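Work through the two exercises below with the model open. Each task sentence is followed by a solution in steps.

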Amino acid sequence: MKTIALSALTAALLAAVVPASYANDSKPTLVHDSEYVIDGRVYGLPEAKVYREDYNGPAVVGDYLTAVPHLAKLDYVGNKTHDVRVDVFSQQVEVAPGVSYSAWTFGGTVPGPVLHVREGDRVVFKMKNRSDKEVVITEPVKDGAPFFSQLQANLYQNNKPVVNPMPHSMDFHSGTVAAEDKWRTISPGETIEFEWIANYPGTYMYHCGTSSVLMHTAMGQYGAVVVSPKDGYPTDDDVDHEYVLVQSEHYLEEMNGQYIYNHSAALARDPSHVTFNGHVGALSDTPLRANEGDRVRLHVLNAGPSGTSSFHVIGAIFDRVWYEGDPRNEWYGMQTVLLGASNSATMDFIVPEEGVYKLVDHEFADAERGAAGALIAGPRKD
């Protein structure tokens, strides 16, 4: 294995050591003196910046940020630098009929927006801590991400702005960086800006890394990043529908007519609700759709924060499974995929017949707490 300091190389030599998957026109983008390459992957990114800015615009900005279960199409060739903003603030969200709480969120929903990039892409990320302000996400937004229009078409969480000043941070499992630098905590009113490279393909969790991490995650601060492999999956040309599913636990108790977080229950791993995409009805009231004979791809992330998931589709078998979404981790013909907290898998299955296919955590105590949904299949389209 050879390490090469980029500051000592000419652009021509650099192009020779950086794989085409990371290059645009065979040239790397946004190369800094601190960066270096090992096995074709880029490390040594610039130090994070923390500052204050007069910004009250869209809380989610980026062309490839969507609301679950949607996944943005990668409509570019090669690699790209993504300018991404996901601000942090509080919202009152509903997790079950009649059960709402003051959540700490990335972008205003639980889970937060889904980011889709390609292996080798660079992400330039900004996040402002707006927890001391009311942020409205239910009205039309100019210059925001596709996330907003998808959310506003399906406001199943009944989002309402609330104020709850609190320090927060962002931890991308998809990034390979010094955590004490990029994942540092910022106070209300501060903005953090840093970069990371999608060095490895897969489906990754992001979450708040501020103590108590258990509490910040259980309060709603988590989401998914899908890093598509540079060479794709072997069945890409056959996929008819592609969805993102995030499983998570909620630890809520009723007090004086309101629901609040119960830290003792979280420590005891005794959730009040376990959900797919943040609400017990998210994939029941608005089920996934396909047709008989279709190949459906699911990117499934178990965000925890503490429980496991035994993900299963009743009436189907997973034709191909890529554990953690890495094409090198390939399994065949699986009935159930076991995911620990923060684990993920990309799963393909064939819809065998027209009908209703229930999605469940086969740990049925969790299914009865809400980890259930459905895919409805229409007639075959030849």
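**Exercise 1: the largest pocket**

The largest pocket has a volume of about 400 Å³. The model is predicted: local features need pLDDT of at least 70, side-chain atom pairs count only at pLDDT 80 or more, and totals for chains, interfaces and linings use all residues. Residues are numbered from 1 along each chain as its sequence is written, and side-chain values use heavy atoms, with hydrogens and water left out.

Task: which residues are the closest to the centre of the largest pocket?

Step 1. Of the 20 lining residues, His116, Ser228, Asp236, Glu242 and Arg297 are the closest to the centre.

Step 2. Strand 10 (114-118), strand 17 (241-250) and strand 22 (295-304) each give two or more residues to this lining.

**Exercise 2: the sheet around strand 27**

Task: which strands does strand 27 pair with in the antiparallel sense?

Step 1. Two strands pair if DSSP finds at least two bridges between them; strands are DSSP runs (E, at least two residues), numbered from the N terminus.

Step 2. Strand 22 pairs antiparallel with strand 27 over 7 bridges, and leucine 298 has methionine 347 of strand 27 as its bridge partner.

Step 3. Strand 24 (residues 318-323) runs antiparallel to strand 27 and is joined to strand 27 by 5 bridges; here valine 321 is the bridge partner of methionine 347.

Step 4. The open sheet has 6 strands in the order 20-17-22-27-24-25, with mixed pairing. Strand 20 (273-276) and strand 25 (330-334) are at the edges with a single partner strand each, so one side of each has no neighbour in the sheet.

Conventions: On a 1 Å grid over the protein atoms alone, a cavity is a set of points where a 1.4 Å probe fits but cannot get out, and a pocket is an open set with protein on both sides within 12 Å along at least five of seven lines; lining residues have an atom within 4 Å of a point. Grid points are joined across faces, edges and corners, and a volume is the space filled by probe spheres set on the points. Helices (H or I, at least four residues) and strands (E, at least two) are DSSP runs, numbered from the N terminus.
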